[in-house]
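Colleague: Please take a close look at one part of this model for me. Then tell me how it connects to the rest.

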Amino acid sequence: MQVDFYQLTRDPAEKILALIAQRILDDDGRLLIVSDDEAQLDAISSALWTAKADSFLAHAKAGEGEDALQPILLSHDVEAANEARFVAIADGNWRPIEKEFDRIFYLFPPSHTDNARAAWRSLSDGVERRYWKQDGGKWVQGP
């Protein structure tokens with residue numbers, strides 16, 4: 001399993017998640033996006049509708065339709081009813097993750113840096129960790 005830590009210093013989570021989601025869908029994957037903040041889930045939903053001028057990224061909120069059929073499922077819980085192998089934690093609040101995902105995207109603002117450090121330390125030795133930061137308009141891997 002791989003966990004990517006994305007420190008959000010320039011762009012909001014919804015903008016980054018639309019890019020991540022597009023890449024996952026392009027590879028025929030499924031994504032679970034988790035946030036306890038309903039307003040944030042609404043903003044992410046809007047971003048998924050408008051990410052590309054000529055299309056949208058198919059998605060739904062958990063419990064509002066056929067969860068199992070959704071390529072992207074927005075939820076308050078880390079339950080992949082859509083059988084996603086990828087999960088994005090959008091609200092900066094690390095959660096214990098029981099299911100084995102291929103990759104976890106943990107997005108956090110600078111105000112949640114202590115949470116990110118604690119999450120990093122709590123991961124087992126077999127987990128690959130990567131830290132990403134924004135440098136101008138691009139993401140760079142770094143310490």
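Modeller: One term comes up at once: a polar contact is a pair of N or O atoms within 3.5 Å; within protein, one atom must be able to donate a hydrogen and the other to accept it, and residues adjacent in sequence count only if both atoms are side-chain atoms. Such a contact sits at the start of α2, where a side-chain oxygen of D37 comes to within 2.9 Å of the backbone nitrogen of A39.

Some ground rules first. This is a predicted model, so local features need pLDDT of at least 70 and side-chain atom pairs count only at pLDDT 80 or more, while totals for chains, interfaces and linings use all residues. Residues are numbered from 1 along each chain as its sequence is written, and side-chain values use heavy atoms, without hydrogens or water.

Start with helix α2. Helices (H or I, at least four residues) and strands (E, at least two) are DSSP runs, numbered from the N terminus. Helix α2 covers residues 38-50, which is 13 residues. The expected span is 1.5 Å times one less than the number of residues.

Which residues of α2 are buried? They are Q40, L41, I44, S45, A47 and L48. (Buried means under 20% relative accessible area, exposed over 50%, partly exposed in between, with a 1.4 Å probe and protein chains only.) These residues cover an arc of only 160° around the axis, so they lie on the same side of α2. (The arc is that of the directions from the helix axis to the C-beta atoms.) An α-helix has 3.6 residues a turn, so residues three or four places apart point the same way. The face turned away from the buried side of α2 carries the exposed residues A39 and T50.

What do the buried residues of α2 pack against? Their partners are α1 (13-26), β2 (31-34), β3 (60-61) and β4 (72-75). Contact here means heavy atoms within 4.5 Å.

Q40 leads on to D91. D91 sits in the loop between β5 (86-89) and β6. At 11% relative accessibility, D91 is buried. Leaving aside neighbours within four places in sequence, D91 touches V34, S35, D36, D37, Q40, L107 and H112. A polar atom of the D91 side chain lies 2.8 Å from the backbone nitrogen of D36. The D91 side chain also reaches the backbone nitrogen of N93, at 3.0 Å.

Now the charged pairs. The whole structure has 10 salt bridges. (A salt bridge is a side-chain nitrogen of Lys or Arg within 4 Å of a carboxyl oxygen of Asp or Glu.) One of them joins R103 and D4, at 2.5 Å from N to O. R103 is in strand β6 (residues 103-108) and D4 in strand β1 (residues 2-7), so this pair ties together parts that are 99 residues apart in sequence. R103 is partly exposed at 24%, whereas D4 is buried at 0%.

R117 and D114 form another, at 3.7 Å. Both are in helix α3 (residues 113-122), 3 residues apart, which separates them by about one helical turn. R117 is partly exposed at 49%, and D114 is exposed at 57%. Salt bridges that share partners also join R10, D11 and K15 into one network.

The whole structure has 9 aromatic pairs. (Rings of Phe, Tyr and Trp, the last by its six-membered ring, pair if their centres lie within 6.5 Å; planes under 30 degrees apart count as stacked, over 60 as edge-to-face and the rest as tilted.) Y6 and F105 make a tilted pair, 6.3 Å centre to centre with 40° between the planes. This pair links distant parts of the chain, with Y6 in strand β1 and F105 in strand β6, 99 residues apart. Y6 is buried at 7%, and F105 is buried at 4%. Y6 and W132 have ring centres 6.1 Å apart and planes at 15°, so that pair is stacked. W132 is in strand β7 (residues 128-135) and Y6 in strand β1, so parts 126 residues apart in sequence are tied together. W132 is buried too, at 16%. Elsewhere, F5, W94, Y106, F108 and W120 form one aromatic cluster.
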